Amino acid sequence: MAVFAESQDADAGRDLPAGVSPSAGAPPRAVAIDTHAHVFEQGLTLAEGRRYSPGHDATLADYLAQLDAHGMTHGVLVQPSFLGMDNRYLLDALRACPARLRGVVVIDPGIADDALRQMAAAGVMGMRLNLFGQATPPLDTAPWRGLLARVTELGWHVELHVPARRLPDALPHLLAAGCTVVVDHFGRPDPALGVADAGFQYLLRQAGSDRVWVKLSGAYRNWSHEQAATAGREATRQLLDAYTAARLVWGSDWPHTEHRHITYEPTRHWLDRWIPHADTRRIILGDAPSRLFRIDR
């Protein structure tokens, strides 16, 4: 999209945050994209009604070091729920590394068109609906329909994070509005039900729309650490059967908020266990997210 291509040149001379290498914007390897991570620092203004307050920093420099250590060329920063709609820290990170990073923001229907254009210029490719602990908004009403039309016009997707049982409350409205939808964290099936969750089975049936994608991320949010490799593999198998690798992407969910015992390494290795075929993994790590986030290969 032209506005983003122009912004790369404009942002190339910006000062990088402390600890960020000047070469961070020039990935040297074959494309491998982590499509779900968060950056933040203590002292930022936190959202009211948040479910979690971080007690540590997760800086851009820290995240880039994780990407480098695990062979990832690009990353996607997702606005964490505890920062609400104050996307400034995320946008600063995108502007620091325009060639390497993309973003997903949290916004409301009242956002101005100019603000949306500035976000797009910084590398934002989607808006997030994080409905954990929140009621599903009236997506079929005028304010929300207007916002969905505007983000779709920008070429953004809607990232949906909701318990699997509530997917039927939100997904039909997003598809009716013409949105491309990316469903977080395997669709968040009930840990007690796993792939038998009716909401997960509903998600499988939405593959025929050709406008739904699923993130293979946050397995430890659905199953215990010990179960993530095996339960995640079965869920991945069913998602592959329904969606094919072309509409599945992988994310580390770094820095694993609320699950500080998890590290980046096992989340990446789980993907190898879920998908033993290297060619399929290359699609999920490279081809598919490159299309979704418009990253040149």
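## Contacts of W156

Leaving aside neighbours within four places in sequence, W156 is in contact (heavy atoms within 4.5 Å) with V105, I107, L116, M119, A120, V124, M125, G126, M127 and V151.

The model is predicted: local features need pLDDT of at least 70, side-chain atom pairs count only at pLDDT 80 or more, and totals for chains, interfaces and linings use all residues. Residues are numbered from 1 along each chain as its sequence is written, and side-chain values use heavy atoms, with hydrogens and water left out.

## Nonpolar cores

A nonpolar core is a set of buried Ala, Val, Leu, Ile, Met, Phe, Trp, Tyr and Cys residues joined through side-chain atoms within 4.5 Å; buried means under 20% relative accessible area, with a 1.4 Å probe and protein chains only. The largest such core has 81 residues, and I107, M127, W156, L160 and L239 have the most contacts inside it. Another core, of 13 residues, lies apart from it and includes V31, V76, V78 and W213.

## Aromatic pairs

Seven aromatic pairs occur in the structure. Rings of Phe, Tyr and Trp (its six-membered ring) pair if their centres lie within 6.5 Å; planes under 30 degrees apart count as stacked, over 60 as edge-to-face and the rest as tilted.

F40 and F82 form an edge-to-face pair, 5.0 Å centre to centre with 90 degrees between the planes. F40 counts as buried because its relative accessibility is 0%, and F82 counts as buried at 3%. The ring centres of Y220 and W270 are 6.5 Å apart and their planes are at 45 degrees, so this pair is tilted. Both Y220 and W270 are buried. One aromatic cluster is formed by F186, Y220, W223, W270 and W274.

Key. Buried < 20%, exposed > 50% of the residue type's maximum accessible area, 1.4 Å probe, protein only.
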